[in-house]
Amino acid sequence: MTALAAMLVRDMRIAVRVGGGALMGVLFFLVVAAMVPFALGPDLELLKRIGPAILWLAALLASLLALDRLFAADHEDGSLDLILMGRAPLELVVAIKGVAHWLTTGLPLVVAAPIIGLFLNLDGRAEAALVLTLLVGTPALTFIGLIGAAIAVTLHRGGLLVAVLVLPLTVPVLIFGVAAANAVSSGPAPFGTPFTILCALTLASLVVGPFAAAAALRQEME
Amino acid sequence: MRLTASNLACRRGGREVFAGVSFSAASGELLAIRGRNGAGKSSLLRTVVGLVRVAGGQLALEAGDPELTIGEQAHYLGHQDALKPSLSVRENLQFWADFLGTGAAAIGEPLAKVGLDTLADLPAAYLSAGQRRRLSIARLLVVTRPIWLLDEPLSALDAAAQQSLTDFMRTHLAAGGVILAATHGGLGLPAAREVWLGQAPSPLAGEGWGGGSGAGATTSTPAPRLATPSGRSQREGGEES
């Protein structure tokens with residue numbers, strides 16, 4: 001097995017085992033989104049209008065939940081030292097850790113979203129659009145989050161700091177993700193434009209995130 | 001292969017940890033790094049592998065692989081074990097074999113050598129401190145790298161494990177490897193030379209290592225000790241220093 005494949009398998013194994021926190025994000029997502037109809041009352045039109053925004057917000061917060069442990073856990077037990085001494089480029093290792101994190105926390109959100117969509121009175125087309133935007137947009141959240149996780153790597157309680165650092169950077173993703181999802185469910189605006197920009201944001205974050213996070217890690221290890 | 005440091009300096013957190021450290025270690029040589037607590041033994045090892053930036057002086061590796069950094073040709077056995085508690089012994093070792101190594105290395109034999117083959121399927125969370133240490137040592141055996149940097153390698157190990165680590169080190173040196181070991185006690189092997197960091201060795205430091213190892217534990221030949229005028233750093237022995 002190559003170094004990167006080994007890293008992917010290891011991170012996914014750790015995430016799905018006891019204490020790994022893979023399902024924490026999706027549980028948080030389900031709880032938050034399921035509470036909204038109770039808070040807002042049985043106004044179906046209102047729920048339908050704000051449903052995509054609620055789900056996107058919940059997904060955003062849920063995907064940040066386990067992020068602070070991404071590098072901090074490896075830093076605390078000394079694994080990060082050995083990772084830095086490995087022959088695999090750090091940028092690729094960071095990217096593969098991001099992929100593993102998305103597969104274990106981001107992808108379950110995408111799968112769970114249609115169920116919660118029912119709570120929020122979304123019809124079939126709106127749900128399909130929502131799932132599509134989440135599928136395309138959540139990798140961007142993870143890869144932008146890599147930067148914050150790398151910056152906070154040496155802090156023991158870096159969770160909130162990661163969220164504060166990362167949330168402003170995720171605003172464009174949120175705007176265009178919700179815009180695309182809303183375009184199908186309520187708006188007269190076209191779906192294609194915001195969706196294309198969302199795709200572009202994701203592609204950019206896939207490139208920028210690993211490089212920035214790797215640079216931050218190298219700096220932090222000094 | 002020859003690892004050479006000249007006038008190496010290290011700063012951490014704005015504080016000078018050590019400066020003017022020079023040493024040289026050729027293939028088959030064991031270098032003992034000594035000094036009191038906080039003198040910078042671990043920092044020196046971390047500087048050599050590139051985990052801490054070199055603040056001054058030079059590090060060079062002759063006859064190594066020019067494509068790779070020193071860190072990429074070295075094993076670092078630090079205070080932390082780099083083990084994931086939720087993964088089994090086998091999974092932990094297999095991961096490092098795959099990540100640090102080049103190909104499919106067999107992990108069965110190294111596990112048996114460190115006496116953990118019967119625990120291969122146990123999650124690492126249930127290992128004792130000594131067993132965790134043994135599992136880290138197995139990493140050195142699974143992936144072949146010419147330079148070993150060991151930070152207090154004998155800590156937490158029982159007499160038998162100390163003896164086997166000494167044997168692994170002897171085998172590594174015989175195969176042309178280089179070992180730098182930070183230690184307060186002995187290593188069970190004669191060091192080619194010693195590098196002293198910080199103040200001159202007090203009568204308490206560096207004397208006999210109190211045994212523990214059942215067999216073959218010999219105190220290293222004490223090298224002549226030179227105090228530099230600054231008293232900040234000293235280097236020892238060695239024909240080329």
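Modeller: Two residues are in contact if their C-beta atoms, placed from the backbone, lie within 7 Å. The model is predicted: local features need pLDDT of at least 70 and side-chain atom pairs 80 or more, while totals for chains, interfaces and linings use all residues. Residues are numbered from 1 along each chain as written, and chains are lettered from A and ligands numbered from 1 in the order written.

Colleague: How many residues does the contact take from chain A and from chain B?

Modeller: Chain A gives 22 residues and chain B gives 23.

Colleague: Which element provides the largest share of chain A's side?

Modeller: That is H1(A), with six residues. Helices (H or I, at least four residues) and strands (E, at least two) are DSSP runs, numbered from the N terminus.

Colleague: Turning to the sheet in chain B, what is the strand order?

Modeller: Five strands form an open, parallel sheet in the order S5-S6-S7-S3-S8. Strands pair if DSSP finds at least two bridges between them.

Colleague: Why is one side of S5 and of S8 in chain B left without a neighbour in the sheet?

Modeller: Both stand at the edges with a single partner strand each, so one side of each has no neighbour there. S5(B) pairs with S6(B) over four bridges, and Ala74(B) has Ile147(B) as its bridge partner in S6(B).

Colleague: Which helix lies across S5 and S6 of chain B?

Modeller: Helix H4 (residues 129–142) of chain B does, at about 175 degrees to S5(B). Axes are lines fitted to C-alpha atoms, for helices over the stretch in contact, and angles run from 0 to 180 degrees between N-to-C directions.
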